[in-house]
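Work through these exercises with the sequence and the 3D view side by side. Try each task before you read its solution.

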Amino acid sequence: MKLNKTAWSVSSAAVIIAALIFCRPFNAGAQKTVPLIYVSNERDGTITVINTKTDQVVSTIRIGGRPRGIQLSPDGRTLYVALSRSLRATSSDVTDQIAALDPVSGKVKASYSVGPDPEQFAVSQDGARLYVTNEDAGTATITDLRTRRVLATLVVGTEPEGVAISPDGRWVYVTSETSNIISVIDTRAQRVSLNFPVDPRPRAAAFSSDGTRAFVTSENGGTVMVIDARRHQVIQTIPRPDNAARPMGIVVSRDGRTIYVANGRGNNVSVIDGQTYQLRELIPTGARPWGIALTPNGKKLYTANGLSNDVSVIDTATRCVIATIRAGDGPWGIAVRG
């Protein structure tokens, strides 16, 4: 994905201000634990750490390079970040690697060499495998996290980006934004079992918790595709919510009842019914929401807004933005630690 910095319209700002005025605040008093969220900032090489109870920044981690994809290990003890080269990179910056950090101290514990320009990745549920898209190479890398050995390098589509693992760990979906396909990786055979076409410029993918459905965003098509994850076929297309929408990040609630889509330069989030696939609502956010994540209890939704350099906090009950948190330069991805 090539950066294209544009201005945030005054009208979008006015809509968000109005939404904040009429929304009631989220009550976090009943939470027994306080999850943290980690936001990768691609233009300044940092990670912003936010307390989800207070919605305040608690620390900033300097990682260097161009951090984009970001995820926690299943046990929450390791924070993984995809690092590619940026124009601001220094000779000491680690690039074309996945860095493994201690999420408490922010110290790098290990790094894994992958292909050129890694963008997104997924960690297997047992914490043993890493699946990475290498945008410049048109490949996906499978790495053994225990031995640090690359197990396979697979040819996928052109400019691969999104990566998602089915809940049973059987399949990995890779979105390729230029060739407009999904590559399906068979995790047992460690090979691409098939490719199937989708709408233009697919970005991100997410599976339902039961693994029967997958959902893929199409930036240029302005759509979200519903996929039968057993047959690996598109069975329905959810249309563009408005003319400005450029669907990017996507997350599905644990109960499967709601799908949330970050609409990029549309400056909003779509709330979609997980059963009927009908649009329920559009929630205005900061400028160019990209990464999107839910807290473990599902009560808060966070978006990384790459042009306004902030994070929008949404109360999922009222569907209102209840806070805006300043991040680093170019917020891109979000990971949640319970």
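**Exercise 1: The surroundings of Thr316**

Beyond its neighbours within four places in sequence, Thr316 is in contact (heavy atoms within 4.5 Å) with Tyr260, Leu294, Gly298, Lys299, Lys300 and Leu301. The model is predicted: local features need pLDDT of at least 70, side-chain atom pairs count only at pLDDT 80 or more, and totals for chains, interfaces and linings use all residues. Residues are numbered from 1 along each chain as its sequence is written, and side-chain values use heavy atoms, with hydrogens and water left out.

Task: Find where Thr316 lies, decide whether Thr316 is buried or exposed, and find the backbone oxygen close to a polar atom of its side chain.

Solution.
- Step 1. Locate the residue. Thr316 sits in the loop between S26 and S27. Strands (E, at least two residues) are DSSP runs, numbered from the N terminus.
- Step 2. Check the accessibility. Thr316 has 16% relative accessibility, so Thr316 counts as buried. Buried means under 20% relative accessible area, exposed over 50%, and partly exposed in between (1.4 Å probe, protein chains only).
- Step 3. Look for the oxygen. The backbone oxygen of Gly298 is 2.7 Å from a polar atom of the Thr316 side chain.

**Exercise 2: Strand S26 and its partners**

Task: How many residues of strand S26 (residues 310–315) are buried, and which strands do bridges join to S26?

Solution.
- Step 1. Count the buried residues. Six of the six are buried, so S26 is largely enclosed by the rest of the structure.
- Step 2. Recall the general rule. In a regular strand, side chains alternate between the two faces of the sheet.
- Step 3. Sort S26 by face. Asp310, Ser312 and Ile314 are on one side, and Val311, Val313 and Asp315 are on the other. Both faces are covered.
- Step 4. Take one partner. Strand S25 (residues 300–305) runs antiparallel to S26, joined by six bridges. Two strands pair if DSSP finds at least two bridges between them. Lys300 stands opposite Asp315 of S26.
- Step 5. Take the other partner. Six bridges also join S26 to strand S27 (residues 320–326), again antiparallel. Ile314 has Val321 in S27 as its bridge partner.
- Step 6. Inspect the turns. S25 and S26 form a hairpin with four residues between them, and Asn309 in the turn has a positive phi of about 55 degrees. The hairpin of S26 and S27 also has four residues between the strands, and there Arg319 takes a positive phi near 55 degrees.

**Exercise 3: Salt bridges**

Task: How many salt bridges does a search of the whole structure find, and which parts of the chain does the pair of Arg66 and Glu42 link?

Solution.
- Step 1. Start with the total. The search finds 17 salt bridges (a side-chain nitrogen of Lys or Arg within 4 Å of a carboxyl oxygen of Asp or Glu).
- Step 2. Examine one pair. Arg66 and Glu42 meet through their side chains at 2.9 Å, N to O. Arg66 is in strand S4 (residues 66–72), and Glu42 is in the loop between strand S1 (36–41) and strand S2 (46–51). The two are 24 residues apart.
- Step 3. Check burial. Arg66 is buried at 11% relative accessibility, and Glu42 is buried at 2%.
- Step 4. Move to another pair. Asp117 bridges to Arg68, with the closest N and O atoms 2.6 Å apart. Asp117 lies in the loop between strand S7 (108–113) and strand S8 (118–123) and Arg68 in strand S4, so the pair ties together parts 49 residues apart in sequence.
- Step 5. Check burial again. Asp117 is buried at 10%; Arg68 is buried at 0%.

**Exercise 4: An open sheet**

Task: In what order do the four strands of the open sheet come, and which are the edge strands?

Solution.
- Step 1. Read the order. The sheet runs S4-S5-S6-S7, with antiparallel pairing.
- Step 2. Find the edges. S4 and S7 each pair on one side only.
- Step 3. Zoom in on one pairing. Strand S5 (residues 79–84) and strand S6 (residues 97–101) are joined by five bridges. Leu83 stands opposite Gln97 in S6.

Terms used
A polar contact is a pair of N or O atoms within 3.5 Å; within protein, one must be able to donate a hydrogen and the other to accept it, and residues adjacent in sequence count only if both atoms are side-chain atoms.
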